[in-house]
Amino acid sequence: MLYDIHLEITYSYEAQADAGYHLLHMQPAGIDGMQRVIASSLDIDPIPPERIPGKDFFGNQFVSIAFHDPVDELAFRLRARVERFAPPELLDMSPGLADLQREVRQTTGMTGDSPVHFTGQSPRIRRVSQISRWANSLGCETMSAFQAVGAVCSALHSEMTFDPEATAVDTPLETAFSNRRGVCQDFTHIAISALRSLSIPAGYVSGFLRTIPPEGQPRLEGADAMHAWVRAWCGFEMGWVEFDPTNNMMAGDDHVVVAVGRDYFDVSPVKGTMRTAGAQLSSQSVDMLVVDGGKN
Amino acid sequence: MDGTSQKIVPPAYERLLADYRTLPGIADELLDASGQVRPVWHGFLNELAAFSPDDLEHAFARGNQYLRDAGVFFRHYGPGASTEREWPLSHIPLIIKRQEWENIASSLMERADLLEQVIADFYSENRLVGEGILPAGVLAANPEWLRPLVGVKPKSGHFLHFIAFDIGRGPDGNWWVLGDRTQAPSGSGFALETRMATARSFSSLMNHANVARLAGFFRQFRDSLLGLREQDGSRVAILTPGPLNDTYYEHAYIARYLGFMLVQGSDLAVRNGKLMVRTVGGLKPVSVLWRRVDSEWIDPLELNDESRLGAAGMTGALRSGSFTMVNAAGSGALEIRALMAFIPKIAQHLTGKPLSMPNIATWWCGGNAELDYVKANLSRMLIDRAMSTRLPFDHSPQAILSGRMRDGTPVDPGWIDVHGEDLVAQEAVSLSTTPAFSNGKLVARPMSLRVFLARTPNGWSVMPGGFARIGSSGGSADISMQRGGSVSDVWVVSDTPETQDTLIASSATGYLRPELGSLPTTAADNLFWLGRYVERTEHSVRLLRAYHLRLAETGTADYPIARFLGDHIARRGIDPDTALPAQLLQDIESAIRSAGNVRDRFSNDGWNALVDLKNTARMFASKVQAGDDAARAYSILLRKISGFSGLVHENMYRFTGWRFLGIGRSVERIVDTLDFLNSFTDEEAPIGAFELAIEVGDSIMTHRRRFAVETRRETVVDLLLLDDMNPRAVLNQLRVLNDHAAFLPAHEGERTTAFQRRIMELVTALSTSTANDIPSDRLAEISAEAGGLSSLLAESYLR
């Protein structure tokens, strides 16, 4: 599937914001066998005096920018063309949860995709006992790891209501969970927390979602802004699988990956804030359209 | 060893040691296993025994007085507010033989080299994990292992430059490492002060005892840091979290002692991958940063977005290799307790032999065999968080001692099974005891040593002694300073005399010319406000004294001039009906807070004068009566303020910092003088207001000599506004400001700053006017223009 992606994120500051630093995770990733970036350009307005590309611990490309002088408006515009390959049929080769835990302990890799980074706590995900209790009530102990991931994400999808008004970017996951309302970021954080409490290594994927569904299918939730979903490690044999709890589906050719990390902290599209005395407004818009001639 | 065995004490110090009791099964520094005094203590005890109880008391008092005069304190965080505590000095030094010390030093150098290898592996290939020596989970869960720094090679080639080890002596007499301090260890500066204080107490004993000096260690480290700089005029800076940190005193002290710039996060900025310090002369490069801030707080962008203690982009600057951080960011990963369980195996793996000084036996409960062993030996185990960086005797609330939780209930072994990966067990240690003084007698107290190591071009240098923690009671658990423990000097003594060696005596780098313009903006801002607050206090004191003199003369506040003055004082936010108003105390507190922010640039005498002013004002606040009593109290405060001003302005080197202090004083005096001139020369002002202006303006004598006439509006305006010979006059102070400003660093592309231009405009206006040209409305205009000086200064130099 061939896509054209447009992303625009803008900020405007009531009082001029002080000089600032940002780390940007916005551009689609090139991933062998999964997606290919044909073209990608990121315009920043005003043009920052410093702009340095880099690669982070988890293998994501980022751009680091700096403004030396105060700015009152800031806009990021991304245009990209990406080919997303249809995912192969998955065979469940994952072990049960106890064996999975043993496999994690046997891991001797420390690189960014090693499961050891995705257990326990991470900057935005603490242990939440109510989420652990909920996850433990789903009867996953007799399932394979892969089945358990599906069970957790589906259960979450059926209990949670997608509601952009219910949470903000910094709402703690326990709040979103106890209200059972939130957006893709909340669905994803809660799913990660639940999976980790079952000793399934789980992380965060940020990316884009196809805006207009194929004919006859419902529109996906979360397509108006950058999207988020879960990746979970299902053992040495099967590796990482991606599941979108907001839409109760495996991430497939409707999903284009930008970055992966332990949680939102690692992959937020614009990291770092301007220091400003006044209020700030921000907006985000996303389009991910199938290119004519691409197979539908 | 049998600690209850007979003490065999020479008669000379029988009295001294009458109450000295060692504990069974615990080693002692003073007495050997057979109860004999160790030879290394004989010299000290002989001389100590010759002290009368009075002599001893005086000796201790000298040490305490030294610490008080030097203003040594540490901040104590208890329930509620934090407070500054006097340094808890235990006066009796711990004495160690040179030969034994050499063994300690070489063992710790060996450990330091091992830790350098380990941390280098943590931030590069992770072979220790890859080869199965260290479980991946132990590193992945380590909160001090900072992923954004993986793959970043330190510019200096080394991760560790200044570290410390806490060590203790076990029952068998051998030393054990209790903790590795590789983040940003504190205590070396306190050790210097402890040494100075102990030397004051026992100067003659020390001279006879051939005690190893500490200064050489600091000189070597200073020269090593200077050697790490780029050859571009860049600086070495020490990054402190600021005055609210528990060891800020030490940061300021070390900065002053070594001659390095002390900065806070807000002073730093990253530009094009380079680390810069904001100074009054603009951004200047820093190529070596000795951080006294934990790594995760150095960069709000990539490490901890809640931090206000670092600078955004610092991680990026490290990635680009533009400066050396001491110790490298992320070096705290070596401090976690769980790592100690693997150090013996790692040593064997990397060097092929065990370390010559082991760390205390430690088991990570995430391994099955270890877990079983720990559960089978619960009674002699201390179990705590695997990722804790506390010392073994500093327990977290979740600690399990001898199988019991803190509330005394036995731990459920199933709980340990479930939480195994998060737990580490250590063999409960009994530390050796050493003499401390209590109620006139020597008693045995548990102790641990902190040993500092600094990297030099020739390898590790070990600070010879200086710092031991002494427990407050018999048990090892009370050794932490926060829990009432104290600190003693450590004397490493040899048979032959030591060569004299102080930091001042010689320096390999030669004379460093102090550089104007390298004053960090935060420091400049604090000095400016210190100048303002002290001057403001002085002005308020003059107003209040005049007020109470009027009350004393008339016995009532109801006369027009008293009412008028009272209203004027009230408009300044000060309540004239209180004999010593709270606002005055607050201004003094503000002055002290500003001074506290620049302790590294300040003499102890100046600081003590300020503290004395505060204490006196507080004491007066509780007891003075309105009228004559208060007037006299204010005269005393005025003299104390003058004492401070004299100390600072006469004795402070004319660095840029002194100029900011002076600018603060002049700006405040200009603003205050204009304020009361506006009020007291107003047409509505009652009879006596002109005399009052002259009195508050401290110009009675001058007025009498210059004008052989009665006090009139013209004479007042002339003397306090336009007279450039009178240091109380606005024009004179504007000229002072102008002189200061001429010495401030020029910015690129500007011949004069907005601050200088405003001064010149005011000088021109005043020097071409006569008193008759300045009616009330013109005076108000001048006040408004002068009122803008403060923000123009900030705009011109403090951004």
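Q: How do strand 6 and strand 7 of chain B pair, parallel or antiparallel?
A: Strand 6 and strand 7 (residues 261-263) of chain B pair in the parallel sense, over three bridges. Pairing requires that DSSP finds at least two bridges between two strands. Strands (E, at least two residues) and helices (H or I, at least four) are DSSP runs numbered from the N terminus.

Q: What should I know about the model and the numbering?
A: This is a predicted model: local features need pLDDT of at least 70, side-chain atom pairs count only at pLDDT 80 or more, and totals for chains, interfaces and linings use all residues. Residues are numbered from 1 along each chain as its sequence is written, while chains are lettered from A and ligands numbered from 1 in the order in which they are written.

Q: Back to strand 7 of chain B. Which residue there stands opposite B:I238?
A: B:L262.

Q: What does strand 6 of chain B make with helix 9 and strand 7?
A: With helix 9 (residues 248-258) and strand 7 of chain B, strand 6 makes a right-handed β-α-β unit. Right-handed here means that, with the strands pointing away from the viewer, the path from the first strand over the helix to the second runs clockwise.

Q: And how is strand 6 of chain B joined to strand 10?
A: Five bridges join strand 6 to strand 10 (residues 282-291) of chain B, and the two run parallel. B:L239 has B:R291 as its bridge partner in strand 10 of chain B.

Q: Is strand 6 of chain B mostly covered or uncovered?
A: Mostly covered: five of the five residues in 235-239 of chain B are buried. Buried means 20 or more other C-beta atoms within 10 Å of the residue's own, exposed means 12 or fewer, and partly exposed lies in between, with C-beta atoms placed from the backbone. B:R235, B:A237 and B:L239 point one way and B:V236 and B:I238 the other.

Q: Switching to the interface. How many residues of chain B are in contact with chain A?
A: 19 residues of chain B are in contact with 19 residues of chain A. Contact means C-beta atoms, placed from the backbone, within 7 Å.

Q: Which helices of chain B supply at least two residues each to that side?
A: Helix 4 (127-130) and helix 5 (136-140) of chain B. Helix 5 gives the largest share, four residues. The side of chain B that touches chain A divides into nine nonpolar, seven polar and three charged residues. Nonpolar covers Ala, Val, Leu, Ile, Met, Phe, Trp, Tyr, Cys and Pro, charged covers Asp, Glu, Lys and Arg, and the others, Gly among them, are polar.

Q: How is chain A divided?
A: Into domain 1 (2-85 + 269-290) and domain 2 (97-267), with bounds from an automatic or database domain assignment. Their centres, taken over C-alpha atoms, are 24 Å apart. The contact takes 22 residues from domain 1 of chain A and 20 residues from domain 2 of chain A.

Q: Which elements of domain 1 of chain A give two or more residues to that side?
A: Strand 1 (2-17), strand 6 (71-84) and strand 15 (280-290) of chain A. Strand 15 of chain A has the largest share, five residues.

Q: Last one: where is A:A166?
A: A:A166 is in the loop between strand 7 (161-162) and helix 4 (173-179) of chain A. A:A166 counts as partly exposed because 17 other C-beta atoms lie within 10 Å. Not counting residues up to four places away in sequence, A:A166 touches A:N179, A:R181 and A:G182.

Conventions. Contact = placed C-beta atoms within 7 Å.
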